[in-house]
Amino acid sequence: KAEAPSWACGMVDGYDDMITSVGTAKMSKAGAGFTRRNAMANGRSNLAQQIETLVKDKVETFTRSTGIAEGETVDTVSSQVSKQVAKVTLNGSKQLAYWQHPENSDIYLLMGVTKESVNTSAKESVVSSFKNQDALWQQFQAKNALENLEKEFETK
């Protein structure tokens, strides 16, 4: 019977630069502060699941190969990167809106984190996964080979 804000019903507008999620919690005998923290934790959990899904969609197909034959090194992004990204980007999450149901006192929070923050963390995590010794050695070998080739065939 109470009219809830549209965001509490899943219709979030005006936050195009953010990933948003609603967290809810039933009013506890422990008080409003405790209930608000539960709603916030619920909202962040929902955010983490969305971010993990978004990052998996973006990076799951990202594979890089260096070298050839027996010397080839292939790096592939794993879902663990996604989990690390979700953990990092949630540090920037914040409460965007608050609503308390007038009849049962349940708390609804709109939580959000900027898409820029998520994208930056995802890129950093993906790049750091390629900093292993085999891949670096292959890159070094390829760079040296190109430099030697340029010495042989100077273009000046």
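1. Two strands count as paired if DSSP finds at least two bridges between them. The strands themselves, and the helices, are DSSP runs numbered from the N terminus (E, at least two residues, for strands; H or I, at least four residues, for helices). With that in hand, Y98 stands opposite L109 in β5. K94 stands opposite G112 in that strand too. In total, six bridges join β4 to β5, and the two run antiparallel.

2. A word on what you're looking at. This is a predicted model, in which local features need pLDDT of at least 70 and side-chain atom pairs count only at pLDDT 80 or more, while totals for chains, interfaces and linings use all residues. Residues are numbered from 1 along each chain as its sequence is written, and side-chain values use heavy atoms, with hydrogens and water left out.

3. Now the overall layout. The protein has four helices and five strands, and reading along the sequence gives β-α-β-β-α-β-β-α-α. Of its 156 residues, 31% count as buried (under 20% relative accessible area; exposed is over 50%, partly exposed is in between; 1.4 Å probe, protein chains only). The accessible surface is about 10500 Å², with 51% of that belonging to carbon and sulfur atoms (Shrake-Rupley method, 1.4 Å probe; for residues, only the protein chains shown count as cover). As for contacts (heavy atoms within 4.5 Å), take those with a separation of 6 or more: residues 24 or more positions apart account for 69% of them.

4. Back to the sheet. Three strands make an open sheet in the order β1-β5-β4, with antiparallel pairing. β1 and β4 stand at the edges with a single partner strand each, so one side of each has no neighbour in the sheet.

5. I19 has V113 as its bridge partner in β5, and T24 has Y108. Six of the eight residues of β5 are buried, so the strand is largely enclosed by the rest of the structure.

6. Which residues have the most contacts inside the largest nonpolar core? They are I19, L47, I51, V55, L109, V113 and V118, in a core of 17 residues. A nonpolar core here is a set of buried Ala, Val, Leu, Ile, Met, Phe, Trp, Tyr and Cys residues joined through side-chain atoms within 4.5 Å. The elements giving two or more residues to this core are β1, α1, α2 (79-89), β5 and α3 (115-129). α1 supplies the largest share, six residues. Another core, of six residues, lies apart from it and includes W7, A8, A97 and W99.

7. L109 is handy to click on. Leaving aside neighbours within four places in sequence, L109 is in contact with a list of residues including W7, V22, R36, M40, A97 and Y98.

8. S93 sits in the loop between α2 and β4. S93 is buried, with a relative accessible area of 8%. Not counting residues up to four places away in sequence, S93 touches R44, L47, M111, G112 and V113. S93 and M111 are 18 residues apart in sequence, yet 6.8 Å apart in space, C-alpha to C-alpha.

9. Last, the charges. Side chains of opposite charge can pair when their charged atoms come close. Counting a salt bridge as a side-chain nitrogen of Lys or Arg within 4 Å of a carboxyl oxygen of Asp or Glu, the count comes to one. The side chains of D106 and K26 form this salt bridge, at 3.2 Å, N to O. The pair links distant parts of the chain, 80 residues apart: D106 is in the loop between β4 (94-100) and β5 (107-114), and K26 is in the loop between β1 (18-25) and α1 (32-59). Are the two partners buried or exposed? D106 counts as buried at 8% relative accessibility, whereas K26 counts as exposed at 65%.
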